[in-house]
Amino acid sequence: MKWIKNIVHPHAYIVFYIFISVLALIPNGLGWRGDMLDYTQNYIGLSILYILFYFLGYYFTVGVKTPQERVLSAKMIKLFHGVYLVSFAFFILKFVYVSGIPLINDSPYLRTKMGQLGGFVDFPTKAMSLLGIAAYYIYIKTKDKLFLFQFILSIVLNVLFAERSLIIYTLVGALILYLHYFKVSVKTFRIVVISGFLMLFFIGAVQIIRLGGKNKLDHSGKKSAAEVAAWVVHGDLTGSQKFGAYIVDKLHGKFLYGRYTLGEYLALIMPDFDNHGAEYLKSEYTNSKTAQSAAIPYSYYMDFGYFSLLFPFIIGAMSKVLFVKFKSLNSPFYTLLYPAYFFSLLWSVRSGNFPVDPKFVYYLLMLTFIFSPIFYKRINNELILIFRFLFLCTLGISLLALLIRW
């Protein structure tokens with residue numbers, strides 16, 4: 001079943017977007033975003049243009065070279081262990097700071113306390129999801145079960161912190177690697193499909209627990225736990241599409257000029273700059289206690305109007321470059337960078353963020369530090385030294401920020 005690898009081709013991002021757009025037309029069984037159901041239908045033309053510009057960017061990008069072959073070395077594995085240990089230590093401190101385990105705590109908003117520490121403090125813990133994928137990659141290469149344990153531990157930590165997106169992140173990354181390193185039989189395909197559905201229901205169950213239980217969500221009292229979990233997943237996937245279209249409609253032709261899609265960068269250096277992105281939409285357009293995301297293409301459009309079509313063009317070009325370099329499997333760096341990018345693509349369908357957000361840049365620096373890729377041009381190899389140094393600097397900043405803001 002060689003064709004199965006195509007499910008992680010960049011174009012799957014567009015297929016996923018279309019699928020979610022269709023799902024958004026279905027009323028949610030729990031009533032989520034019920035008052036915003038009809039807005040997405042008014043922007044079908046915007047969706048078509050978005051898809052068109054993505055394909056233009058992808059197919060206009062030519063002459064992409066495969067990376068030089070890079071063998072997984074003992075030094076890379078030692079650096080991986082070191083970074084994994086640092087991430088684990090920050091994760092333990094994360095539980096201490098919020099004073100509990102969000103998954104089983106009575107307050108569904110416990111984990112939001114991390115926002116008070118700022119992005120740099122949380123980045124090392126967010127990195128645990130990608131380190132889990134890296135652990136699985138090293139396990140494939142070495143067959144050492146220690147790395148399989150590290151892969152599982154990375155998932156468990158994010159489960160305990162109710163980080164459903166990062167749980168999916170690690171599982172999707174592992175799936176991408178599995179599809180490209182192993183022959184997939186019909187039996188395995190069935191197992192993967194069934195596991196995928198079970199994973200969705202598991203994520204729904206985690207969200208139900210976080211939001212206070214089944215009875216709090218199902219006001220009718222007639223739905224089964226499986227039905228509620230399915231509608232929770234539906235609401236999570238489609239709610240931001242409906243909300244995004246709603247916000248665009250309410251702006252009446254005005255724009256936010258980057259406050260949604262680019263505000264996260266400013267927040268890194270300005271901890272008090274919290275009125276941006278999903279937080280800004282929450283405070284200005286809802287009475288909700290939690291941040292409210294706006295999906296693509298509405299997130300880009302509410303910032304820059306039709307000039308935002310530059311975003312899908314850039315995304316298409318980047319997708320071509322990273323996919324060509326990934327599928328050769330020559331470089332540990334690109335083999336792990338593409339799963340990170342691919343998930344960012346899929347997640348942007350819900351979150352509305354540009355795939356190359358600060359977290360992705362952090363991941364890029366981390367992978368550069370551990371796996372030190374080799375490039376054809378000398379100047380690029382010199383830049384690698386700078387990137388590796390910058391990653392070490394981020395660890396120092398994270399520790400300093402933790403001590404100052406604790």
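Biologist: What do the side chains of Lys126 and Glu163 meet in?
Modeller: The side chains of Lys126 and Glu163 meet in a salt bridge at 3.1 Å, N to O, a term for a side-chain nitrogen of Lys or Arg within 4 Å of a carboxyl oxygen of Asp or Glu. Lys126 lies in helix 4 (residues 119-142) and Glu163 in the loop between helix 5 and helix 6 (164-181), so the pair ties together parts that are 37 residues apart in sequence. Helices here are DSSP runs (H or I, at least four residues; strands are E, at least two), numbered from the N terminus. This is a predicted model, in which local features need pLDDT of at least 70 and side-chain atom pairs count only at pLDDT 80 or more, while totals for chains, interfaces and linings use all residues. Residues are numbered from 1 along each chain as its sequence is written, and side-chain values use heavy atoms, with hydrogens and water left out.

Biologist: Is Glu163 buried or exposed?
Modeller: Glu163 is buried, with a relative accessible area of 6%, and Lys126 is buried too, at 18%; buried means under 20%, exposed over 50%, and partly exposed in between (1.4 Å probe, protein chains only).

Biologist: How many salt bridges does a search of the whole structure find?
Modeller: The search finds three. In one of them the side chains of Asp236 and Arg350 meet at 3.6 Å, N to O, and this pair links distant parts of the chain, with Asp236 in helix 9 and Arg350 in helix 14 (residues 332-351), 114 residues apart. Asp236 is buried at 14% relative accessible area, and Arg350 is buried at 17%.

Biologist: What else does Asp236 touch?
Modeller: Leaving out residues up to four places away in sequence, Asp236 touches Trp32, Arg164 and Gln207 as well as Arg350, where contact means heavy atoms within 4.5 Å.

Biologist: And where do Glu279 and Lys282 lie?
Modeller: Both lie in helix 11 (residues 277-285), three residues apart, which is about one turn of the helix, and their side chains meet in a salt bridge of 3.0 Å, N to O. Glu279 is partly exposed at 33% relative accessible area, whereas Lys282, at 17%, counts as buried.

Biologist: Changing topic, how many helices and strands does the protein chain have?
Modeller: The protein chain has 16 helices and zero strands, and buried residues make up 53% of its 406 residues. In helix 5 (residues 145-160), the buried residues include Phe147, Phe151 and Ile155, and just after helix 5, Ala162 takes a positive phi of about 55°.

Notes
The expected span of a helix is 1.5 Å times one less than its number of residues.
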